[in-house]
Amino acid sequence: MTEIATSVFPRSPAARRDIGIKRRYAAERRFRAYGVAAILIGLLFLFVLLWTVVSKGYTAFQQTTITLPIEFAEKVIDPKNERAANPAKLMSANYPLLVRDALVKTLGIDPANRAEVKKATDMVSASARTQLRDIVVANPAVIGTTLNVSLLASGDIDSANKGQINLEVEESKRKVNDRQLAWMKTLSEDGVLSKEFNTGIFTSGASSRPEASGIGVAALGSLYMMLIVLVLALPIGVAASIYLEEFAPKNRLTDLIEVNINNLAAVPSIVYGLLGLSIFINFAGMPRSAALVGGLVLTLMTLPTIIIATRAALKAVPPSIRSAALGLGASKMQMVFHHVLPLAAPGVLTGTIIGLAHALGETAPLLLIGMVAFVVDYPGSPMEPSTALPVQIYMWANEAERAFVERTSGAIIILLIFLVVMNLGAILLRRRFERRW
Amino acid sequence: MNIMTEAAVEKALDQKMNTVSHKMVGKDVSVYYGEKRALFDVNLNVRENTVTALIGPSGCGKSTFLRTLNRMNDTIESCRVTGRITLDEDDIYDPSIDVVELRARVGMVFQKPNPFPKSIYENVAYGPKIHGLARTKAEFDQIVETSLQKAGLWNEAKDRLHEPGTGLSGGQQQRLCIARAVAVSPEVILMDEPCSALDPIATAKVEELIHELRANYTIVIVTHSMQQAARVSQRTAMFHLGNLVEENDTDKMFTNPDDQRTQDYIMGRFG
């Protein structure tokens, strides 16, 4: 037994050289601990960020509505019966009166008590006017009938219904008075007042009334810009990278170009906004606030990212593949398009999607080209005024009402979902097309 | 028909050998990488239907010379070639010669097997496709089959033609690369240490293949293995420090070389 032990360890442990094994393992353990700590800190901040946004924003996806039997009385909408001759009359009829009448009836208020009536009508969003108008204009036959219509509750009632207003505060200092709270309770019990999924936040445009505002218009503006960036930046970026990487002679000039591309990637985005303002708007005379200009500016901003990613992907293609193609008599062009580019494609796509995601979240340059605009209607083309998702968030963040605060966070959640989807897409594409050699 | 019997090969070769014809002729070939000169006035002729082995210690210029024969050095920016290299009397560095056409006539097999990350079929069919050697599916099928047969890979690969070429073993990959080079029907095949990444069994197969290919192609092979040079080649050229030391029949080279340096190198006294 002892013989075996001595043969395996010919010298006693004390006699062995100290080569610092313990120190080395200790150093490794310390380094691992630092790494784990760094990741934990990162995760903590990510969690705090997501928690704040989600906890503040999830309520934005619900909206309080008040469903009232609206009587489309002819004597209110069109007392002189001139709608056949003059359809424009329907546009300017006194629709709020219909709401008032319905409320007075439902709540059983004395119509002569002006203060009470005012309190009641304040519960319904002023957007009810356009809502009823649209119903009547779309179908004038409803005049003279009674329909149950879901009207948006006003922003303050919505906040109160979601429990976001502090009811401990003295009545005169709070936005919702006791009378309204009592009504809310009865209406809620009758099923007239209810919380529903908020489709308006996805489809509506800008509005000064939080309950009627949404990101629809901004999302369309962002979509236009993304398409412009994709259509311009991808081919230009890939062509530039292929030329620089495969065809251009390596000399001072190409070195200079390379350094400058890397510099451009680090230029603050607001500088691109100034560039866009002076070149596209002031010099080329393109329209202000248009998705076209925004898309062009974001293209300039995204190009360096795409070029750097594409060049890295091209560099990663092994030179043996190039030799193989050239050795068979392929021209340089055939070598690039048949072999190198397909192998580099996952890298190119990943770079493009990350560049697009970056551009989607960009705000500063858009402020300078006038995309901080109050746009109510969907832009029919990239030439029309529009705004962008992050700009919409910026504008809502500047508003005071409680209902805008939750919408700000709600819009952030939507933007984050877009970004996560895009980045996941990048990862999946990479997995799918990655080839080994 | 594709794989000639040993005797038939020897007979055909003997007939050709009687009339020595030079497929490629290098005259005063010098190569510079920037300021550095890598080859010094090399005069070397490549005989038709002969395997010519280029031997010599690392960095002696044998690979550089090989790559001048199909202008693969063109891809290195700082590289400059002087002198004259002809293929069937045409100067291959003449501006009127197109490098793409040259490489279709002078194919190359590299040190490391480098199949395209595509199917075996596509690997072989790629050359004929870009050079327009085949039009119909049947023609391509025919070229792929004969090329793989010539490379001795048909039996192993016929059931997996549409699987990736990178999934083959190292030796099979190298034979696939040879099939790919053969598919464009070149006149000369250059091989740059084709067996250095292969095990002895795969090496033996490739050497056997080289022996068979000699009937139809002119082959120039760079090798670090003296035994390999002795086994596969009929002519051997020894390079040292950018100079051509000696060029001779392989039998004579390995038994009774004219130059002392060749003898020393073959005997393993330097290198």
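## Helix 2 against helix 18 in chain A

The crossing of helix 2 of chain A and helix 18 of chain A is left-handed (the near helix is turned anticlockwise from the far one by less than a right angle; clockwise is right-handed). This is a predicted model: local features need pLDDT of at least 70, side-chain atom pairs count only at pLDDT 80 or more, and totals for chains, interfaces and linings use all residues. Residues are numbered from 1 along each chain as its sequence is written, while chains are lettered from A and ligands numbered from 1 in the order in which they are written.

Helix 2 of chain A covers residues 21–57, and helix 18 of chain A covers residues 402–433 (helices are DSSP runs of H or I with at least four residues, strands are E runs with at least two, numbered from the N terminus). Their axes come within 7 Å and cross at roughly 125 degrees (axes are fitted to C-alpha atoms, for helices over the stretch in contact, and angles run from 0 to 180 degrees between N-to-C directions). That angle makes helix 2 of chain A oblique to helix 18 of chain A (under 35 degrees is roughly parallel, over 145 roughly antiparallel, 65 to 115 roughly perpendicular, the rest oblique).

Helix 2 of chain A brings A:V53, A:V54, A:K56 and A:G57 to the contact (C-beta atoms, placed from the backbone, within 7 Å). Helix 18 of chain A answers with A:V405, A:E406, A:S409, A:G410, A:I412 and A:I413. The residues of this contact between helix 2 and helix 18 of chain A are 5 nonpolar, 3 polar and 2 charged (nonpolar: Ala, Val, Leu, Ile, Met, Phe, Trp, Tyr, Cys and Pro; charged: Asp, Glu, Lys and Arg; polar: the others, Gly among them).

## Helix 17 against helix 18 in chain A

Helix 17 of chain A (residues 389–397) also packs on helix 18 of chain A. Their axes come within 9 Å and cross at roughly 160 degrees. Helix 17 and helix 18 of chain A are therefore roughly antiparallel. The crossing of helix 17 and helix 18 of chain A is left-handed.

From helix 17 of chain A come A:L389, A:P390, A:Q392, A:I393, A:W396 and A:A397. They meet A:F404, A:R407, A:T408, A:A411, A:I412 and A:L415 of helix 18 of chain A. By class, the contact of helix 17 with helix 18 of chain A holds 9 nonpolar, 2 polar and 1 charged.

Helix 10 (residues 216–247) and helix 13 (residues 291–315) of chain A pack at about 35 degrees, with their axes 6 Å apart. This crossing of helix 10 and helix 13 of chain A is right-handed. The contact residues of helix 10 and helix 13 of chain A divide into 20 nonpolar, 8 polar and 4 charged.

Chain A has domain 1 (2–57), domain 2 (62–206) and domain 3 (216–433) (bounds come from an automatic or database domain assignment). The centres of domain 1 and domain 2 of chain A, taken over C-alpha atoms, are 65 Å apart.

## Sheets of chain B

One open sheet in chain B has 4 strands in the order 2-1-4-5, with antiparallel pairing (strands pair if DSSP finds at least two bridges between them). Strand 2 (36–47) and strand 5 (90–91) of chain B are the edge strands, each pairing on one side only. Strand 4 (residues 79–87) of chain B pairs with strand 5 of chain B over 2 bridges, in the antiparallel sense. B:L87 stands opposite B:D90 of strand 5 of chain B.

Another open sheet in chain B has 6 strands in the order 6-7-8-3-9-10, with mixed pairing. Strand 6 and strand 10 (243–249) of chain B are at the edges with a single partner strand each, so one side of each has no neighbour in the sheet. The twist averages 20 degrees from one strand to the next. Strand 7 (residues 188–192) and strand 8 (residues 218–222) of chain B pair in the parallel sense over 5 bridges. There, B:M191 stands opposite B:I221 of strand 8 of chain B.

## Where chain B touches chain A

The contact takes 20 residues from chain B and 18 residues from chain A. On the chain B side, helix 3 (99–105), strand 6 (106–109) and helix 4 (120–131) of chain B are the elements that give two or more residues. Helix 4 of chain B gives the most, with 4 residues. The chain B side that touches chain A has 10 nonpolar, 6 polar and 4 charged residues.

Terms used. Contact = placed C-beta atoms within 7 Å.
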